[in-house]
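Here are a few notes from going through the model, point by point. Have it open while you read.

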Amino acid sequence: MPTRRRMLALAGGIGAIALARPAIVQAGSVPGLPATMVWSVYDVGSTGYVEASAIADALGRAYGTRVRLQPSGTSIGRILPVKQKRASHGWLANELYFAVEGLHEYAALDWGPQDFRTLLGRKNAFSVVATRESGITRPADLKGKRMAFVPANSSVNIKIEPILAFAGLTWSDVELVQFPSYGASLRALIEGRADCAGAAPAAAALRELEASPRGIAWVELDPANAEGWKAAQRAVPFVEPFRETIGAGLSAEKPAWVMGYRYPMITVPAETSADETYAVTKAIAESFDLYKDANPIMPRWSVAEAGTPPMDAAFHEGAIRYLRERGQWSAAHQAWQEGMLKRHGALQAAWRRFAPEARSRGLEGETLGKAWGERRAAALAALS
């Protein structure tokens with residue numbers, strides 16, 4: 001994996017090219033493609049920034065479209081510009097799920113469940129990583145083990161829950177050992193202070209664990225275990241089986257079946273024009289050859305992979321129109337879409353009833369979050 005310095009150099013270089021290079025317009029065009037766009041993205045140096053830069057550069061070369069990247073290191077900082085229409089697209093991670101569900105910082109009277117849609121999203125891998133000496137290899141093995149836990153790291157914690165649910169477990173079935181940061185939680189495994197932690201296989205600290213006497217192991221989730229996956233997807237609907245070959249302890253010869261999710265997801269407000277979202281989806285898909293070699297992860301932006309559910313929010317109708325044209329939008333995909341639209345609608349309706357009541361009662365902060373959590377749970381239970 002590239003070092004942070006190399007990633008910063010690549011991101012800065014690609015970003016400069018995307019904004020400054022004269023367009024090299026290919027024959028043909030995509031009707032309805034905006035001449036300019038603003039994309040709200042993760043910080044400079046993040047993989048999301050590098051990927052957005054590469055695709056922005058490709059759109060400039062292929063179609064003459066100019067893209068300005070607007071980086072932010074916070075969830076609200078990335079989503080607020082999209083909500084306020086100051087950015088046309090957000091390149092988001094699990095903050096999208098929190099926003100459409102009204103969770104964490106979005107359980108607030110000026111937020112609540114947001115109405116967003118996705119166009120495309122790169123497949124990513126996640127699971128619980130463990131020391132080899134712990135003997136943990138399956139979700140059921142986590143019972144009673146020391147789980148490194150970062151209370152404020154909601155993006156990681158939300159993805160551990162379906163892994164526990166896969167084996168019928170909850171947070172109360174593991175021994176939580178708290179740490180102040182994601183990096184500290186992974187170092188705890190190397191230092192023998194925890195047995196396992198939630199992690200993405202590409203995390204640099206895991207190479208040190210792999211080389212240590214403690215060794216490395218991944219919790220694998222059998223793709224043939226239908227009941228396990230049903231339980232996982234009840235906990236969090238955006239996860240799926242994923243065969244990972246890249247990362248610490250993994251290779252083409254030694255893959256692992258882990259949990260797939262999407263990052264980044266190209267996101268727009270639901271009210272965005274279908275013609276525009278169709279054009280943007282088509283342009284990104286059909287300029288693939290111009291960015292697929294930008295770094296080792298970019299081949300996962302192939303529309304055959306990036307244009308399929310599950311996502312953290314439903315697809316936009318314009319994106320679906322393009323995917324149907326390609327012949328890759330199946331009946332199963334449509335069933336997933338309809339289920340997500342019902343979920344979004346139920347939560348938004350519940351919030352419309354809840355918010356005036358919360359205001360009249362003066363609810364705020366944790367008290368509001370707890371009350372909304374109960375109302376949200378009831379709304380989702382009614383869908384079952």
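1. Is Ser53 buried or exposed? This is a predicted model, so keep that in mind throughout. Ser53 comes out at 0% relative accessibility, and because the cut-off for buried is under 20%, Ser53 counts as buried.

2. As for where that serine sits, Ser53 belongs to helix 2, which covers residues 47-63. The side chain of Ser53 has a polar contact with the backbone oxygen of Tyr49, at 2.8 Å.

3. Now over to helix 9, residues 274-286. With 13 residues, helix 9 spans 18 Å from first to last C-alpha, close to the 18 Å expected at 1.5 Å a residue. Have a look at its start: a side-chain oxygen of Ser273 comes to within 3.2 Å of the backbone nitrogen of Asp275.

4. Which residues of helix 9 are buried? They are Ala274, Thr277, Tyr278, Ala279, Val280, Thr281, Ala283, Ile284 and Ala285.

5. How do the two helices meet? The axes of helix 2 and helix 9 come within 9 Å, crossing at roughly 95 degrees. Because 65 to 115 degrees counts as roughly perpendicular, that is the label for helix 2 against helix 9. Helix 2 brings Ile55, Leu59 and Tyr63 to the contact, while helix 9 brings Ala283, Ile284 and Glu286. By type, the residues of this contact are five nonpolar, no polar and one charged.

6. One link between the points above: Ala283 and Ile284 are among the buried residues of helix 9, and both also take part in the contact with helix 2.

Technical notes: Residues are numbered from 1 along each chain as its sequence is written. This is a predicted model: local features need pLDDT of at least 70, side-chain atom pairs count only at pLDDT 80 or more; totals for chains, interfaces and linings use all residues. Side-chain values use heavy atoms; hydrogens and water are left out. Helices (H or I, at least four residues) and strands (E, at least two) are DSSP runs, numbered from the N terminus. The expected span of a helix is 1.5 Å times one less than its number of residues. Buried means under 20% relative accessible area, exposed over 50%, partly exposed in between (1.4 Å probe, protein chains only). A polar contact is a pair of N or O atoms within 3.5 Å; within protein, one must be able to donate a hydrogen and the other to accept it, and residues adjacent in sequence count only if both atoms are side-chain atoms. Axes are lines fitted to C-alpha atoms, for helices over the stretch in contact, and angles run from 0 to 180 degrees between N-to-C directions. Angles under 35 degrees count as roughly parallel, over 145 as roughly antiparallel, 65 to 115 as roughly perpendicular and the rest as oblique. Contact means heavy atoms within 4.5 Å. Ala, Val, Leu, Ile, Met, Phe, Trp, Tyr, Cys and Pro count as nonpolar, Asp, Glu, Lys and Arg as charged, and the others, Gly among them, as polar.
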